[in-house]
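Dear colleague,

Please find the structure below, handed over for your records. My notes on it follow directly after.

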Amino acid sequence: MNKMTDIDQKKCHPMVGVPIEKLRPKQVRKNLELTLWESLYIFEIIRGMYITTRHFVLNMIGFVFKPKGQKRRIFTVYYPEEKVTIPAAYRGRPVLVTWKNGKEKCVACGLCEKICPANAIMIVAEERDGSDRYPSAYTLDMSRCVYCGYCEEVCPKEAIVMSAEYQGLAERDRSKMIYSKEQLLRSEESVKDRIEYIRRIYSKCSY
Amino acid sequence: MQLLIFYILAFGAVISALLMVTSKKPVSSAMSLIATMVFLAGLYVLLDAHLIAALQLIVYAGAIMVLFLFVIMLLNVDEKEGRMAGNTILLQFGAILAIGLVFIMMVSLVKSGGTLLVFGEGADQFGTTKAVGKLLFTEYLLPFEIASVLLLAAIVGAVILAKRRIDDPDQKERIIPGHKG
Amino acid sequence: MLADMIESIAKILFIFGMNIGFFAPVLGWVERKQSAVMQDRIGANRADIFGFTVIGLFHSIADAIKVLTKEDFIPTGANKFFHTAAPFISLVPAIVTFCVIPFGGRYTLFGHDVNLVISDLDVGLLFIFAFSSLATYGAVLGGWSSNNNWSLIGGLRASAQMLSYEVAMGLTIIGVLMVYGSLKLTEIGVMQENFFRWGIFMQPLGFVLFLTCAIAENKRAPFDVPEAESEIVAGYFTEYSGMKFVMFWMGEFLEIVTISGIVTTLFFGAWHLPFITDQMLLSFFQFAGSNGASILAMLVNIATFFIKVIFFIWMQMTIRWTLPRFRYDQVMKLCWKMILPLSLINIFITGLVFLR
């Protein structure tokens, strides 16, 4: 069998991102009729105000005496200085995955070009050494891309994936948004999470 | 000083009343009427009837005129629908009535010797809430109670008019499953 | 005569400074920051002067600059006169109503009698109702004159809601009037010198009902259906920008302060500290001479009053950021089917207990 990837294969549950032991039905109160206590409103309002006030007081204490080594309660991030870790399910800029030697995995089959709903991809295929197909030009028009992720879904070679890159997607000049193959090449290690993730969601684990 | 304020308020009341009659847009008319009410409340304050002034603002300017505006806005009446002004007979009738009223007022003013305006006398006697309340519940108890019975009848009538008929199958309240209240 | 003039001018300046100079800008900051802290967020903290952010307080200044330099936009087809007049109509009552609320008692300073209320009207409470009812027109006219369907719906909702809650609010307060037998807010304040005569102990139900009605009258969440941003864009002030928008906004904040003032005066002992009478306060400060004692007692009373007011502002903010919005029919049902009968029952019980 031809080697598909440098990443180790791992058994995954096809359910998206949820471990099996956590897949339990949540208890939802479907009976919308209020009890007498609740229909009095006032005590329930006081209960709600107690919850918000508790958060308020605890956070105020946290603001003044900054806790050390504890998990912080405030999840907001000071954006340019701090950045959140993007989850694997995030669809950022589509990139081309390379082998370790720096050659792209893409075999220029043209499936992504075909499925792209926004016609953002343009491929020129060529043969290398008379046998290997490869794209001599792979143009991705980021001003047309809608980040749907169809290209990575159809790709038989895991050659194009949606990376976690979310910065630098906007330009003042449209001509700068047309990316060539060289600008899109990324090593397999840098998009490892996403590759593992798409194996799960698209059931590509059978490769 | 008081006379100056009186003249300002009186002119304001008269001008806004004129505006109410002459303006073509219903909302402008209603707003002019509210302005008249506010100026009249100012005149009451000048005459030391603070309670009446406050009630004028709450009841007339605050409640009744909001309802007027509500209805005007809900129906979205345009200026094209104001055709009453073309009715000459009604116009003449109204003019005669207005002139007659002004005449009666002038006569009473002349007869009283021009001393209808009295400022700041007996303020504690009749203007306060206590004094008005006492008057209402002793000397004018019967008219007061009759007025309240009349209002009660009006409320009951309004409720009956607005109420849905229970036996009418078309008018039954739509029940949304899962929702209550 | 001159002393009277100085006294009134000082009082007016104090209240105006307090309301427009302190409460209105600071409440804008409080609303952002408090909601942020409550919801485990950080909140506004970016505006800085030379690197100092003062936990986001400079955002008020930044807002003021932004708003003053913004275009004053009037949409096509709008009624220009009413579109301009509406913010004023909603702001002026909010400023004026505070002038009958006493922020301190009576003191003798240098042989001059000082009464810490701008205007001690005989019909004080009714005056507040009268002017708050006039504030309805700001919302209604703003909605109507914008030539925008969302605004019109917002204006209609505002008119119906405020009209209904005005009626209910008038009835909720009658219990308090029966207990203290006066419409004068200063007299009501004086009568609450004894801790157990505070309005909250006399009229607990009246307090809850009044606070509910007052928040609904102010059109804030959970009663913000006239400006429900998830349904009708921004309701009656959709088409407002720049200074006019801020006037609606300031009117809302000043009304919060006024409501807190009324609640403090009627139900929470006005300017009195619990268990401490004015006489005790004066004798406590006797070391500073008679004038000094009066001044110190006055400062303590003013501080007490404003601390209570700030507490109720905080409470209203907490309610606003805790509860979800009512549906419109629920708002109406709450008014006519719950608050109105309950306030009538409250009046009845009060009558049975106090009038005998």
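Helices (H or I, at least four residues) and strands (E, at least two) are taken here as DSSP runs, numbered from the N terminus. The model is a predicted one, in which local features need pLDDT of at least 70 and side-chain atom pairs count only at pLDDT 80 or more, while totals for chains, interfaces and linings use all residues. Residues are numbered from 1 along each chain as its sequence is written, chains are lettered from A and ligands numbered from 1 in the order in which they are written, and side-chain values use heavy atoms, with hydrogens and water left out.

Chain A

On that definition, chain A has 6 helices and 6 strands, which follow one another along the sequence as α-α-β-α-β-β-α-β-β-α-β-α. Contact means heavy atoms within 4.5 Å. Among the contacts in chain A with a separation of 6 or more, 72% are between residues 24 or more positions apart. A residue is called buried under 20% relative accessible area, exposed over 50%, and partly exposed in between (1.4 Å probe, protein chains only). Chain A has 207 residues, and 28% of them count as buried.

Nonpolar cores

A nonpolar core is a set of buried Ala, Val, Leu, Ile, Met, Phe, Trp, Tyr and Cys residues joined through side-chain atoms within 4.5 Å. The largest such core has 115 residues, of which C:Leu125, C:Tyr165, C:Val263, C:Leu266 and C:Phe267 touch the most other members. Helix H6 of chain C (residues 149–180) is the greatest contributor to this core, with 13 residues. Beyond its neighbours within four places in sequence, C:Leu125 contacts C:Ile173, C:Leu177, C:Leu183, C:Leu185 and C:Leu266. Another core lies apart from the largest one and has 21 residues, including A:Ile123, A:Tyr138, A:Leu140 and A:Cys155.

Salt bridges

A salt bridge is a side-chain nitrogen of Lys or Arg within 4 Å of a carboxyl oxygen of Asp or Glu. Over all chains, the search finds 19 salt bridges.

In chain A, A:Arg93 pairs with A:Glu165, with the closest N and O atoms 2.6 Å apart. Because A:Arg93 lies in the loop between helix H2 (42–64) and strand S1 (94–98), and A:Glu165 in the loop between strand S4 (160–162) and strand S5 (178–179), the pair ties together parts that are 72 residues apart in sequence. A:Arg93 is buried, at 9% relative accessible area, whereas A:Glu165 is partly exposed, at 23%.

In chain C, C:Glu31 forms a salt bridge with C:Arg320, the closest N and O atoms being 3.4 Å apart. The former residue is in helix H1 and the latter in helix H12, so this pair joins parts that are 289 residues apart in sequence. C:Glu31 is buried, at 13% relative accessibility.

C:Glu252 and C:Arg220 also meet in a salt bridge, at 2.8 Å from N to O. This pair links C:Glu252 in helix H10 (residues 242–267) with C:Arg220 in the loop between helix H9 (204–217) and H10, 32 residues apart. Both residues are buried: C:Glu252 has 15% relative accessibility, and C:Arg220 has 3%.

Interfaces of chain C

Buried area is the accessible area (1.4 Å probe) that two parts lose on being put together, summed over both.

Between chain C and chain B, 27 residues of chain C are in contact with 25 residues of chain B. The two chains bury about 2300 Å², 76% of it on carbon and sulfur atoms.

Between chain C and chain A, the contact takes 18 residues from chain C and 22 residues from chain A. About 1700 Å² is buried between them, 72% of it on carbon and sulfur atoms. On the side of chain C, C:Val37, C:Asp40 and C:Ile42 lose the most area to chain A, together 36% of what that side buries.

Yours sincerely
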